[in-house]
Amino acid sequence: MPQYNLYQEEFHPSPIMHIWLEFKRSHFALIGFAILLLFCAIAILAPFLSPYDPNVQNTNAILLPPAWEGNGSISHIFGTDALGRDVFSRTLYGSRVTFGSSVFLVLIAATIGVALGTLAGMNKGIKSSVLNHLLDSLMAVPTLLIAIIIVAILGTGLWNSMWAIVLALIPQFVHQTRTFVREEMKKDYILLDKLDGASSPRIFWASILPGMFELLAVQSTLALSVAIIDISALGFLNLGAQSPVVELGASLSLSLEVAYSAPWLVALPGFCIFLMVLSINVVGEGLRTALRNRLIH
């Protein structure tokens with residue numbers, strides 16, 4: 001007869017698996033995560049999904065309504081704009097530029113911000129105090145206003161607006177990282193590392209950084225939604241992406257002239273921006289809840 005062990009080992013999921021198990025408890029978070037994955041796929045596969053070149057004009061198909069309208073055509077699912085360009089293709093490319101560039105900006109801002117915040121949190125003295133007060137003053141200014149000022153100095157264009165948003169986002173990461181590092185430096189396990197002769201870089205990489213991932217994940221989702229809004233706003237104000245670059249905010253601005261005769265040209269880019277920001281905020285809230293529940297359990 002086969003023998004069965006009555007004492008089964010208890011299953012302990014890994015920290016990432018535990019966060020995922022807590023995260024998927026929320027149906028809204030899962031829906032937001034699916035939408036976010038959709039925009040990620042669009043950012044990567046837009047050239048393959050687009051049926052037309054987004055900048056090719058067709059004078060024989062000007063202001064065609066979407067396919068669901070009575071006069072619409074299946075060849076142009078979202079219709080065409082005032083120059084006969086396919087709106088579906090422009091929406092794909094615009095989502096790619098807006099979302100893809102926002103992810104790129106957040107990665108750069110997080111890298112620089114964490115490095116500066118760690119230096120400010122681990123060091124003491126006049127230099128650290130000056131850096132802290134300067135960053136605190138920048139935190140009081142809206143990121144969009146900082147970006148507009150920097151673009152006014154550097155000039156218009158997508159790249160200039162991207163660097164402006166990076167510079168505007170860095171103080172947020174510095175502030176959060178500095179606060180976290182300062183609190184961690186007061187704890188006993190850091191003092192034990194110092195007594196063991198560990199250097200500051202080793203303390204950061206081995207002791208502080210592993211506990212910072214949760215903070216960075218939450219802060220990155222917030223920064224991503226801010227970056228999307230700022231890039232779209234600068235494009236809408238004609239300070240960001242310039243033609244022939246297709247961007248949702250710039251497309252929204254160009255569509256205002258024919259908003260009454262072709263409202264779908266305004267509704268589609270605006271809905272994409274809204275869906276991006278909403279999905280990111282829902283995922284961020286679900287992630288915060290999952291991390292909080294993991295710490296409780």
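This is a predicted model: local features need pLDDT of at least 70, side-chain atom pairs count only at pLDDT 80 or more; totals for chains, interfaces and linings use all residues.
Helices are DSSP runs of H or I with at least four residues, numbered from the N terminus. Residues are numbered from 1 along each chain as its sequence is written, and side-chain values use heavy atoms, without hydrogens and water.

A pocket is an open set of points, on a 1 Å grid over the protein atoms alone, where a 1.4 Å probe fits, with protein on both sides within 12 Å along at least five of seven lines; lining residues have an atom within 4 Å of a point. Volume is the space filled by probe spheres set on the points, which are joined across faces, edges and corners.

| Pocket | Volume | Lining by class |
|---|---|---|
| Largest | about 810 Å³ | 22 nonpolar, 3 polar, 2 charged |

The largest pocket is lined by 27 residues, with Phe213, Ala217, Ser220, Thr221 and Leu287 closest to its centre. Helix 9 contributes the most to this lining, 7 residues; helices supplying at least two include helix 3 (87-122) and helix 11 (264-296).

Around the second largest pocket, helix 3, helix 10 (248-254) and helix 11 each provide at least two lining residues, and helix 10 has the largest share, 5 residues. Arg85, Arg90, Ala250, Ser251 and Leu254 lie nearest the centre of this pocket.

Methods. Ala, Val, Leu, Ile, Met, Phe, Trp, Tyr, Cys and Pro count as nonpolar, Asp, Glu, Lys and Arg as charged, and the others, Gly among them, as polar.
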